[in-house]
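Subject: Structure handover

Hello,

Here is the structure I promised to pass on. Please open it and keep it beside this email while you read.

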Amino acid sequence: MDLLLPLLVDGMCTGARYAILGMGFALIFNTQRMFDISFGGIYTWCGLAMWILVAYAGLGIPLAGVLVLGLAFFLSYLIQKGYMARMRNRSDSSVSIMLGSMAILMAMEAIATIIWGGEIRTARTGDADVFKFGPIQISDVKFYSPIFALSIFLAFRYLFQRTPLGLNAKAVATNPLLSRIVGLETERILTLTTCFGCLIIAVDAVLVCVDTGVHPAIGFQSVLIAFMAVILGGIGSFEGAALGGLAIGFIRTVAVFQFPTLWQEMILFVVLFLIIAFRPIGIFGMKDWKKEV
Amino acid sequence: MDYLLHIVIIILINIILTVSFNILLGYTGIFALCHAAFYGIGAYTATLLMKNLGLPFFPALACAVGVTVLCSLIVALPGLRIHWDYMVIFAFSFQMVVYHLMINWVELTRGPQGIAGIPPVTILGFTFDSKISFLLFSLIVTLAVVYLVKRIESSAFGLVLKGIKDDEIAVKSVGKPVTAYKITSFAIAAGLAAVAGGFIAVYISYISPGYFDLHTSIFILICLIFGGMGSIRGAIVGTVVLTALPELLRFIPYLPSTMMGGIRDLIYATILILFMLYRPQGIVGKASR
């Protein structure tokens with residue numbers, strides 16, 4: 001019993017971080033309906049930028065974090081305007097969009113490797129602050145992750161259900177052609193929601209950088225986790241992605257405690273395998289998203 | 001001279017990979033980013049059988065092909081039931097898991113150190129241990145593979161595969177079992193990748209997980225896109241150019257070797273970025289309709 005409670009808390013904290021990733025990708029994917037994975041590159045660069053701002057420029061962690069979020073928005077805007085918009089213009093095949101965005105991700109990872117090398121960099125100097133709640137001890141990052149995740153969840157749920165941008169994004173997602181006919185600027189809406197998605201994802205990059213550290217290859221890992229969260233939760237559902245991320249965090253934490261290292265990554269694959277084999281639409285998925293072929 | 005021969009042999013082995021990946025992506029239109037995983041499974045199975053059980057090369061290679069084909073079913077059976085978008089993710093995570101197993105299953109694969117001392121190929125008492133003899137040997141095998149794929153391309157089977165890529169429902173409506181065709185093309189591609197895996201193992205006589213990671217899968221993909229999807233000539237041209245190109249980096253003076261990998265990846269990524277935007281059909285391919 002005394003192991004169960006810390007395990008649950010730990011699972012919730014890891015799950016909160018994965019939920020952030022899942023929500024960010026869900027925002028991008030639900031609007032574009034394309035696997036635009038260029039966010040992985042932004043994730044890598046934001047993590048490294050955080051490290052530079054804290055370790056070299058000597059900024060405090062909160063200020064550096066806000067600057068990094070701004071950077072994420074800006075980078076994402078550049079990528080969308082400069083490349084992805086042209087790709088979308090040129091072809092509507094999801095393979096091309098995925099390949100193009102993967103190329104961006106690879107290029108950003110390669111540049112990061114050339115400049116900073118492959119080592120793990122962390123923005124933390126000194127020991128972590130530890131919060132104590134009775135028998136449970138959690139580090140500051142783990143304490144803040146669920147808070148961030150919950151505020152992002154509430155803020156963007158509000159954004160999507162109440163504000164014009166959210167409603168327009170829904171319209172573009174459901175019927176791009178009709179949205180254009182009624183005069184929506186679909187490209188602008190796509191770009192903006194993608195930028196917001198990358199902003200959310202950068203929150204996780206900041207947390208990781210302070211907690212365990214970042215390295216160039218972390219971009220592809222973030223993509224995999226985000227994919228899994230969205231698939232588990234159900235494609236097309238923002239709430240589902242958050243819950244999917246949370247569930248993956250729990251599964252992974254339990255796996256770390258219960259299984260040897262060899263099988264830890266296998267657990268996630270097995271989970272993905274089972275979902276795809278038995279319930280491809282995920283927990284909250286929409287049945288009519290794309291019909292099975 | 002040995003260095004040139006080495007590059008040619010690597011190119012020949014890579015051609016097997018690209019040409020077999022072309023069956024999946026170019027003909028059937030299945031985008032499964034896990035070709036390096038099949039390559040790795042083939043290499044490790046062949047190596048372990050030769051090192052631990054002392055099997056000769058060809059039986060070991062045959063077993064490796066068999067094991068890899070079985071592994072390809074793990075991806076193909078659930079993956080092909082659903083829309084291809086999921087398939088991409090599924091294959092992607094399969095690649096990650098196989099790499100992870102190679103690194104962490106230390107008792108079997110010796111982890112990141114890799115396995116050294118793989119015996120060279122011996123046929124009827126002749127040992128292919130010099131570069132030039134291995135070059136001839138791999139040339140024969142590569143030509144055989146290319147010929148096989150060419151036969152597949154022009155056969156009725158190949159036509160059905162291309163039909164699946166262009167219009168799956170039309171193929172289904174004339175009564176072809178589309179899923180069976182897809183699974184077969186998956187198995188062929190994986191089996192050929194295993195052949196390449198067996199060859200790289202006996203050629204370098206050392207394997208480690210680093211050869212079979214996601215970047216290798218992406219490299220095979222970029223070779224195919226650079227040359228032109230759906231054409232054997234494109235696959236060969238792409239492989240030759242992109243395998244040889246980074247070797248030029250070695251001749252830049254004062255370039256730290258730690259940067260080499262990064263610069264190579266940047267070159268590949270740039271090629272992919274530009275080709276996807278301006279010439280998605282590759283340098284050999286015809287413009288799409």
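How closely do the axes of α2(A) and helix α4 (residues 94-116) of chain A come, and at what angle do they cross? They come within 7 Å and cross at roughly 25 degrees. An angle under 35 degrees counts as roughly parallel, so α2(A) and α4(A) are roughly parallel to each other. Now look at the residues that meet. From α2(A) come Gly40(A), Gly41(A), Thr44(A), Trp45(A) and Leu48(A). From α4(A) come Ile104(A), Leu105(A), Met108(A), Glu109(A), Ala112(A) and Trp116(A). By class, this contact has seven nonpolar, three polar and one charged residues.

Before going on, a word on confidence. This is a predicted model. It scores ipTM 0.83 and pTM 0.86. Chain A averages a pLDDT of 83, and 92% of the residues score at least 70. For chain B the mean is 84, and 96% of its residues reach 70 or more. Within chain A, α2(A) has the highest mean pLDDT of the elements, 90. Strand β1 (residues 130-133) of chain A has the lowest, 72. Take care with residues 289-293 of chain A, where pLDDT stays under 50. The model has seven contacts beyond four places in sequence for that stretch.

Helix α5 (residues 140-162) and helix α6 (residues 164-174) of chain A have axes that come within 5 Å. Those axes cross at roughly 70 degrees. Angles of 65 to 115 degrees count as roughly perpendicular, so α5(A) and α6(A) are roughly perpendicular to each other. On the α5(A) side are Leu159(A), Phe160(A), Gln161(A) and Arg162(A). They meet Leu165(A), Gly166(A) and Lys170(A) in α6(A). That contact has three nonpolar, two polar and two charged residues.

Now the core. The largest nonpolar core has 188 residues. Those with the most contacts inside it are Met23(A), Cys46(A), Met50(A), Ala202(A) and Ala229(A). What does Met23(A) touch, leaving aside its neighbours within four places in sequence? Its contacts are Ile152(A), Phe153(A), Phe156(A), Ile200(A), Phe238(A), Ala241(A) and Ala242(A).

Two residues deserve a look at their backbone. Most residues other than glycine have a negative phi. Arg33(A) has a positive one, near 55 degrees. Arg33(A) sits in the loop between α1 (4-32) and α2 (39-56) of chain A. Is Arg33(A) buried or exposed? It counts as buried, because it has 20 C-beta neighbours inside 10 Å. Ser205(B) is not a glycine either, and its phi is positive at about 60 degrees. Find Ser205(B) in the loop between α9 (178-204) and β4 (206-207) of chain B. With 15 C-beta neighbours inside 10 Å, Ser205(B) counts as partly exposed.

Last, the two chains together. Their contact takes 35 residues from chain B and 36 residues from chain A. On the chain B side, α3 (57-79), α4 (84-104), α10 (214-227) and α12 (257-278) each supply at least two residues. α12(B) gives the most to that side, with 14 residues. The chain B residues that touch chain A divide into 23 nonpolar, nine polar and three charged.

Best wishes

How values were computed: Residues numbered from 1 in each chain as written. Chains lettered and ligands numbered in written order. Predicted model: local features only at pLDDT ≥ 70, side-chain atom pairs only at ≥ 80, totals over all residues. Contact = placed C-beta atoms within 7 Å. Helix = DSSP H or I, 4+ residues; strand = E, 2+ residues; numbered from the N terminus. Nonpolar A, V, L, I, M, F, W, Y, C, P; charged D, E, K, R; others polar. Axes fitted to C-alpha atoms, helices over the stretch in contact; angles between N-to-C directions. Parallel < 35°, antiparallel > 145°, perpendicular 65-115°, else oblique. Core = buried A, V, L, I, M, F, W, Y, C linked by C-beta atoms within 7 Å. Buried ≥ 20, exposed ≤ 12 C-beta atoms within 10 Å, placed from the backbone. pLDDT = per-residue confidence, 0-100.
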